[in-house]
Amino acid sequence: MTTLPDRPNSALLIIDVQNQVVDGAHNREEVLANINTLVDKARAEGAPVVWVQHSSDELKAGDKGWEYVPELVRRDTEPLVHKKYGDSFEATELEDVLAEHAVGRLVVTGAQTDACVRSTLHGGMVRGYDVTLVGDAHTTQDLTKYGAPAPAEVISHTNLYWQYQTAPGRTAGTVSTSEATFAAAEG
C-alpha cells in the first residue's frame, strides 16, 4: 500500500546497533538475538538487509565504539548507510538504496528507541513508505537520570503508539520477531 510507485519489496533496516550505542542497553542480548533471527529470515526470503551506522562528535567513525556489535555480521553485498542525524533518511543515500531494490516497506529494528529508531519510523512514513516496527528488536539505554522514563517504558510506549500510526495510502504497525515477514506486496 506504499504511496511510492512500483515498490513492492520489503527491506530489513538495522539502525545503529553499534558497540557504544547498545553498551548497557535494555534487554541487549535478547534484542541482538531477535535481530539475528530477522536477518536470517530476510536473507532467506530474498529481502534486502540495510545496515545504518551513526557517527557524531561522541561516536567517532573508526573508533571501537562506532563499530557494529560483533554479534551481528553484515555481508559485503548488503548496503551500509552512514548517517549523522537521527532520521536515517536525512542527508544519506538511504532513499537511493531502497529505490534500487524497489522497496516500499521498511521493517525497522535497532537503537536507540527514543532517538534514531523513532526518527526513522516517522521519516520513512512521511516519505511514503509503509513502516513496520519489530517490537522486540529495538532497544535503548537508561536515560532516567535525564528525566526520561525507564527503558522498558520507552520501548513499550513506542511499540504501542506505532501500532496505531496511520497516514493516507500507507500502513504502519508493530509486530514481534516471530510475526515479521518480508514478502513482496502483490499488485
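How many residues does α4 have, and what does α4 reach from its first C-alpha to its last? I looked up this helix before anything else in the notebook. α4 has 14 residues and reaches 18 Å, close to the 20 Å expected at 1.5 Å a residue. I am working from a predicted model.

**Entry: around α4**

I stayed with the helix and went through its burial. The buried residues of α4 are Thr113, Cys116, Val117, Thr120, Leu121, Gly123, Gly124 and Met125. I then looked past the end of the helix. Gly128 follows α4, and its phi is positive, near 105°. Next I checked the strands on either side.

**Entry: β4 and its partners**

I turned to strand pairing. β4 pairs with β5 in the parallel sense, over 6 bridges. I picked out one of the residue pairs: Val107 has Thr132 in β5 as its bridge partner. β4 also pairs with β1, again in the parallel sense, here over 7 bridges. For Asn9 I found Val103 as the bridge partner in β4.

Is β4 enclosed or open to the outside? I counted burial along the strand. Of the 9 residues of β4, 9 are buried, so the strand is largely enclosed by the rest of the structure.

**Entry: the cores**

The largest nonpolar core holds 26 residues. Leu12, Ile14, Val17, Ile35 and Leu72 have the most contacts inside it. At least two residues each come from β1 (9-15), α1 (19-22), α2 (28-44), β2 (49-54), β4 (103-111) and β5 (130-139). The largest share, 6 residues, comes from α2.

I had already noted Val117 as one of the buried residues of α4.

Which residues does Leu72 touch, leaving aside its neighbours within four places in sequence? I found Leu72 in contact with Ile14, Val17, Leu32, Ile35, Asn36 and Trp51. Ile14, Val17 and Ile35 are listed with Leu72 among the residues with the most contacts inside the largest core.

**Entry: Ala25**

I moved to a loop residue. Ala25 sits in the loop between α1 and α2. Is Ala25 buried or exposed? Its relative accessibility is 8%, under the 20% limit, so Ala25 counts as buried. Leaving aside neighbours within four places in sequence, I found Ala25 in contact with Thr139, Thr140 and Gln141. I also checked Ala25 against Pro151. The two are 126 residues apart in sequence, yet 8.2 Å apart in space, C-alpha to C-alpha.

**Entry: the whole chain**

I stepped back to the protein as a whole. I counted 5 helices and 6 strands. Along the sequence their order reads β-α-α-β-β-α-β-α-β-α-β. Of the 187 residues, 50% count as buried.

Among contacts with a separation of 6 or more, 80% are between residues 24 or more positions apart.

What radius of gyration does the protein have? It has 15 Å. A compact globule with 187 residues would have a value near 16 Å, so the two agree. Taken along the principal axes, the C-alpha atoms fill a box of roughly 50 × 35 × 30 Å.

Technical notes
Residues are numbered from 1 along each chain as its sequence is written. This is a predicted model: local features need pLDDT of at least 70, side-chain atom pairs count only at pLDDT 80 or more; totals for chains, interfaces and linings use all residues. Side-chain values use heavy atoms; hydrogens and water are left out. A nonpolar core is a set of buried Ala, Val, Leu, Ile, Met, Phe, Trp, Tyr and Cys residues joined through side-chain atoms within 4.5 Å. Buried means under 20% relative accessible area, exposed over 50%, partly exposed in between (1.4 Å probe, protein chains only). Helices (H or I, at least four residues) and strands (E, at least two) are DSSP runs, numbered from the N terminus. Contact means heavy atoms within 4.5 Å. Two strands pair if DSSP finds at least two bridges between them. The expected span of a helix is 1.5 Å times one less than its number of residues. The radius of gyration is taken over C-alpha atoms; the globule rule is 2.2 Å times the number of residues to the power 0.38.
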